[in-house]
Amino acid sequence: MKIVMATNNQNKLREAKEIFAPLGIEIISQKEAGVSVDPEENGLTFAENALIKAHAVYECVKLPVIADDSGLCVDALDGAPGVYSARYAPENERCEKLLHNLEGVPAEKRTAKFVTVIAFLDQNGNEFTFEGICPGTIGFEKRGTNGFGYDPVFVYGEKTFAQLSADEKNAISHRGAALRKLYAYLQSEYQEGE
Ligand code: IMP
C-alpha cells in the first residue's frame, strides 16, 4: 500500500517512512507523487487545516493521503498562537514574541499545550483524523538548542523540548502521539497479510 504525505518537509517524511515501513506501507512525498499544490490553510482548527491539505493532494492523486497540522495553544493568550503558530512571527523570533506577550504572567498561569492533528483520507476519500496533545508550560527564558519553533520555551517536566533528544521528544510529543494513533489505525486496517 502506498500513502502520499501532503508535505515536502524532509524530517516529517523520513519519520513517517521509518514508522510505517514495518506495516508494508510505503510513504511517498507529494513531490514524488508529482503534486505541487500549496492550498491556503484558512481553517479555524488544526483538523480543518489538516483536511484542507489532505483533500488538495487527494484530488490530484486519488490515492490514500496523510496531512498534518500542528501548533502551540497558550492558555493565558486564549489559545493563541494556535492555528496561527507558523505565522505568529518569523521562525527565529517566535519564542521572543511569545515571551514578550507573557511578560508579567506568573508561573502557575503559563500553562500551554502543543497539538497535532493528522488527517488520513483513504483510497475512496473517506476522512479520518487523529489528535495528539502534549501539555506543558511556557518558561521565562529560552533553554536548549535542539528542535525548532517554540521548543526552547516549551517546558515539559524539568526540561524544555529543546533540551530533549529527538527520541525523547517523539516519545512524549503531540506529533508522536498523533502518529501512534494513526499507526494503530493503519495496523488494524491495512497490515500486510491480514
Ligand atoms: P506544522 O503545522 O507542523 O508545520 O507546525 C506549525 C508551527 O507550529 C511550526 O512552524 C512551529 O512554529 C509550531 N510547532 C509545531 N510543532 C512544534 C514542535 O514540536 N515544536 C516547536 N514548535 C512547533
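Start by selecting K62, which at 43% relative accessibility counts as partly exposed (buried means under 20% relative accessible area, exposed over 50%, and partly exposed in between, with a 1.4 Å probe and protein chains only). You will find K62 in the loop between α2 and β3; helices (H or I, at least four residues) and strands (E, at least two) are DSSP runs, numbered from the N terminus. The phi of K62 is near 50 degrees, a positive value in a residue other than glycine. Most residues other than glycine have a negative phi, and most peptide bonds are trans.

A word on what is on your screen: this is a predicted model, where local features need pLDDT of at least 70, side-chain atom pairs count only at pLDDT 80 or more, and totals for chains, interfaces and linings use all residues. Residues are numbered from 1 along each chain as its sequence is written, and side-chain values use heavy atoms, with hydrogens and water left out.

**Next stop: the loop between β3 and α3**

Select D78, which is found in the loop between β3 and α3. D78 also has a positive phi, about 55 degrees, although it is not a glycine. Is D78 buried or exposed? At 77% relative accessibility, D78 counts as exposed.

Now pick P81, whose place is in the loop between β3 and α3. A cis peptide bond joins A80 and P81, with omega at about -5 degrees.

Colour α3 (94–101) and show the side chains of R94, C95, L98 and L99, which are buried. They cover an arc of only 130 degrees around the axis, which puts them on the same side of α3; the arc is that of the directions from the helix axis to the C-beta atoms. An α-helix has 3.6 residues a turn, so residues three or four places apart point the same way. What covers the buried residues of α3 includes β3 and β5 (127–138), where contact means heavy atoms within 4.5 Å.

Move on to A107, in the loop between α3 and β4 (111–121). A107 is partly exposed, with a relative accessible area of 45%.

Which residues of α1 are buried? In α1 they are L13, E15, A16 and F20. Seen down the axis of α1, its buried residues fall within an arc of 165 degrees, so they line one face of the helix. Turn to the face of α1 away from its buried side to see the exposed residues Q10, N11 and E18. The partners packing against the buried residues of α1 are β1 (2–5), β2 (26–29), α4 and α5.

Zoom in on the start of α1, where a side-chain oxygen of N9 reaches to within 2.9 Å of the backbone nitrogen of N11.

Then select S29 in strand β2. S29 is buried, with a relative accessible area of 5%. Leaving out residues up to four places away in sequence, S29 touches V4, M5, T7, N8 and L13.

**Empty space: the pocket and the cavity**

Rolling a probe the size of a water molecule over the atoms shows where empty space is left. On a 1 Å grid over the protein atoms alone, a cavity is a set of points where a 1.4 Å probe fits but cannot get out, and a pocket is an open set with protein on both sides within 12 Å along at least five of seven lines; lining residues have an atom within 4 Å of a point. Grid points are joined across faces, edges and corners, and a volume is the space filled by probe spheres set on the points.

Select N9, K12, D68, F148 and R175, which lie nearest the centre of the largest pocket among its 49 lining residues. The elements that give two or more residues to this lining are α1 (10–20), α2 (46–61), β3 (65–74), α4 (166–172) and α5 (174–190). About 1300 Å³ of space lies in this largest pocket.

How many cavities of 30 Å³ or more does a search of the whole structure find? The search finds one. The largest cavity has a volume of about 60 Å³. To see its lining, select M5, K12, E15, I66, A67, D68, I118, R175 and L179. β3 gives the most to that lining, with three residues.

Definitions and conventions:
Polar contact = N/O pair within 3.5 Å; in protein donor to acceptor, adjacent residues only side chain to side chain.
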